[in-house]
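Try each task before you read its solution.

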Amino acid sequence: MEKEKKRKLIPPFVMLTAGAVTSILMVVKGCELNEFLARLLTILIVFYILGCVLKDILDRIDRQNTPPEPEEEDEVIEKDTEDGETESGSEEQEAAEG
């Protein structure tokens, strides 16, 4: 549960980091506002998608590495007695109690 909450933050973190780097580089270069905003929007969308892909890959790896939970079966196991009769688990309990 804790991993799922942390992994939800991967796409926005990747997107905002790329946006911050792009903004700094564009300001240093001295780009015009329209060009700056168009590039920034493109970068934010592309890196958000890349962050989602990274999150999905990590989820798949986690699912593959997690061992499957054993299935519980509520069936009564029957045992063979020496007489050749089958005896169920509930009859054993009644015999032990009586």
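**Exercise 1. Two levels of cover**

Decide whether Lys 8 is buried, partly exposed or exposed, and do likewise for Arg 7.

*Solution.* Keep in mind that this is a predicted model.
Step 1: Lys 8 has a relative accessible area of 61%.
Step 2: Exposed means over 50%, so Lys 8 counts as exposed.
Step 3: For Arg 7, the relative accessible area is 15%.
Step 4: Buried means under 20%, so Arg 7 is buried.

**Exercise 2. Placing the two residues**

Find where Arg 7 sits and where Lys 8 sits, then look for what surrounds Arg 7.

*Solution.* 
Step 1: Arg 7 belongs to helix α1, which covers residues 2–7.
Step 2: Lys 8 is found in the loop between α1 and α2.
Step 3: Leaving aside residues up to four places away in sequence, Arg 7 touches Lys 55, Leu 58, Asp 59 and Asp 62.
Step 4: Now compare sequence and space for Lys 8 and Gly 51: they are 43 residues apart in sequence, and their C-alpha atoms are 9.6 Å apart.

**Exercise 3. Reading the fold**

How many helices and strands does the protein have, and in what pattern do they follow along the sequence?

*Solution.* 
Step 1: Count the elements: there are four helices and two strands.
Step 2: Walk along the sequence, and the pattern reads α-α-α-β-β-α.
Step 3: Turn to contacts with a separation of 6 or more: 50% of them join residues 24 or more positions apart.

**Exercise 4. The surface**

Work out what share of the residues is buried, and which residues form a nonpolar patch on the surface.

*Solution.* 
Step 1: Of the 98 residues in the protein, 12% are buried.
Step 2: The accessible surface of the protein is about 8,700 Å², and carbon and sulfur atoms hold 57% of it.
Step 3: The patch is formed by Leu 41, Ile 45, Ile 49, Val 53, Ile 57 and Ile 61, which together have about 520 Å² of accessible area.
Step 4: To place one of these residues, look at Ile 49, which lies in helix α3 (residues 33–65).

**Exercise 5. The cysteines**

How many disulfides does the structure hold, and how accessible are Cys 31 and Cys 52?

*Solution.* 
Step 1: The number of disulfides is zero.
Step 2: Cys 31 has a relative accessible area of 25%, so this residue is partly exposed.
Step 3: Cys 52, at 24%, is partly exposed too.

How values were computed. Residues are numbered from 1 along each chain as its sequence is written. This is a predicted model: local features need pLDDT of at least 70, side-chain atom pairs count only at pLDDT 80 or more; totals for chains, interfaces and linings use all residues. Side-chain values use heavy atoms; hydrogens and water are left out. Patches are made of residues with over 30% relative accessible area and no salt bridge: like charges are joined within 9 Å, nonpolar side chains (Val, Leu, Ile, Met, Phe, Trp, Tyr) within 5 Å. Accessible areas come from the Shrake-Rupley method with a 1.4 Å probe; for residues, only the protein chains shown count as cover. A salt bridge is a side-chain nitrogen of Lys or Arg within 4 Å of a carboxyl oxygen of Asp or Glu. A disulfide is a pair of cysteine sulfur atoms within 2.5 Å. Buried means under 20% relative accessible area, exposed over 50%, partly exposed in between (1.4 Å probe, protein chains only). Contact means heavy atoms within 4.5 Å.
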